[in-house]
2 protein chains.
Amino acid sequence: MGTAERLIESAQQLLWERGYVGTSPKAIQQLAGAGQGSMYHHFAGKPDLALQAIRRSAEELRAQAEEKFSQPGTAYERIAAYLLRERDVLRGCRVGRLAHDPEVAGSPALREPLGETFAYLRRRIEELLEEGLEQGEFVGGMVPADVAAALVAVVQGAYVLAQSAGSVQEFERAVRGGLNLLAAYTA
Amino acid sequence: MGTAERLIESAQQLLWERGYVGTSPKAIQQLAGAGQGSMYHHFAGKPDLALQAIRRSAEELRAQAEEKFSQPGTAYERIAAYLLRERDVLRGCRVGRLAHDPEVAGSPALREPLGETFAYLRRRIEELLEEGLEQGEFVGGMVPADVAAALVAVVQGAYVLAQSAGSVQEFERAVRGGLNLLAAYTA
DNA sequence: GTCTATATAGTGATAGAC
DNA sequence: GTCTATCACTATATAGAC
């Protein structure tokens with residue numbers, strides 16, 4: 001594995017743990033086992049390296065989600081598979097945790113992979129809900145676009161509750177609640 | 001207003017905008033118009049000042065929420081009032097935005113006001129849901145504790161979606177979706 | 001491509017005068 | 001109580017040798 005590759009993966013890990021503001025180039029270099037000059041040879045600076053790391057993390061997250069969405073089963077089952085997916089809850093969401101970072105929120109470029117990821121998740125769940133409605137799996141009255149956004153938000157909010165309490169159970173309770181709500185629409 | 005008071009309010013504002021890691025004592029002092037020595041006279045250091053600021057923000061948030069919860073109306077209406085409450089969405093939640101901060105998440109003392117706030121919100125909504133169930137406002141099958149957690153999570157997640165997209169509409173869509181889901185349980 | 005040296009600014013705090 | 005001075009350390013690079 002090349003040095004540039006190791007730097008990106010180290011940046012991914014540190015961004016996940018400490019966010020953008022909390023991650024220094026020096027820390028990335030040390031984790032990657034690379035010198036100062038080496039990093040600045042491969043990347044223009046911290047924002048450049050961070051952007052590549054964020055893009056990579058966002059892609060990986062979408063791929064993990066798609067695995068669950070494209071399973072066999074009913075719409076409800078596939079959405080449940082996504083919500084109940086195994087997660088390292090107390091590490092937080094490696095994409096969503098960056099949303100409040102002032103340098104990320106303030107930079108359209110750094111923010112773009114986040115926006116794209118959540119737009120993708122929402123759209124994908126919306127499609128499943130529409131499919132379920134057509135097949136009579138859900139009763140009427142549901143607004144798929146809104147409900148899909150709410151379900152994506154439940155997962156992101158569940159991370160916030162869990163980290164605030166220092167307990168995985170808070171995550172699980174919120175996700176169960178999301179599914180309990182969705183179940184109210186099942187025919 | 002005393003210097004200590006101005007320092008706390010300045011810290012509240014900067015913690016809201018930039019989080020704990022992104023907020024320096026110097027920045028707080030400048031915003032408060034106080035010198036270095038003045039801050040260290042009134043507070044033991046950054047963690048001490050931050051703790052007092054976080055506690056204050058958490059209290060204020062709970063008071064704002066309680067205003068909506070204790071309104072007249074049905075359980076659904078009062079929960080909706082909380083969800084639809086006016087918010088400075090793109091500034092994020094001043095309490096929830098700290099949950100992913102590594103120094104906050106890693107400090108039981110700094111984290112405690114967050115955990116307390118979300119426990120309060122969840123419990124309060126759970127009470128409203130139970131009240132609604134008893135009065136026949138909601139149909140059976142609902143698990144109040146789980147649904148309450150999900151609704152709190154929807155709000156926190158909605159902030160994440162909005163900041164990621166740089167658009168308030170994402171917040172509004174997720175919250176509408178949360179209410180659309182809850183409406184499925186109304187008798 | 002990688003290394004060491006150097007630079008400027010900021011961080012979080014202490015010391016001691018006023 | 002507040003101020004200025006100072007400190008050791010880190011952040012984010014740039015320069016230039018190898």
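The legends below describe close-up views of a predicted model, with local features requiring pLDDT of at least 70, side-chain atom pairs counting only at pLDDT 80 or more, and totals for chains, interfaces and linings using all residues. Residues are numbered from 1 along each chain as its sequence is written, chains are lettered from A in the order in which they are written, and side-chain values use heavy atoms, with hydrogens and water left out.

**View 1. Chain A as a helical chain.** Chain A has nine helices and zero strands, where helices (H or I, at least four residues) and strands (E, at least two) are DSSP runs numbered from the N terminus. Its C-alpha trace spans about 60 × 30 × 30 Å along the principal axes. Of its 187 residues, 56% count as buried, that is, under 20% relative accessible area with a 1.4 Å probe and protein chains only.

**View 2. The surroundings of DNA strand D.** DNA strand D is surrounded by 13 residues, the closest being A:Pro25, A:Gln36, A:Tyr40, B:Thr3 and B:His42; a residue is near the strand if one of its heavy atoms lies within 4 Å of it.

**View 3. Side chains reaching DNA strand D.** From chain B, a polar side-chain atom of B:Thr3 lies 2.9 Å from a phosphate oxygen of DNA strand D. Helix H3 (36-42) of chain B gives two or more residues to the surface near DNA strand D, as do helix H3 (36-42) and helix H4 (46-69) of chain A; H3(B) gives the most, with four residues.

Note on methods: Buried means under 20% relative accessible area, exposed over 50%, partly exposed in between (1.4 Å probe, protein chains only). A polar contact is a pair of N or O atoms within 3.5 Å; within protein, one must be able to donate a hydrogen and the other to accept it, and residues adjacent in sequence count only if both atoms are side-chain atoms.
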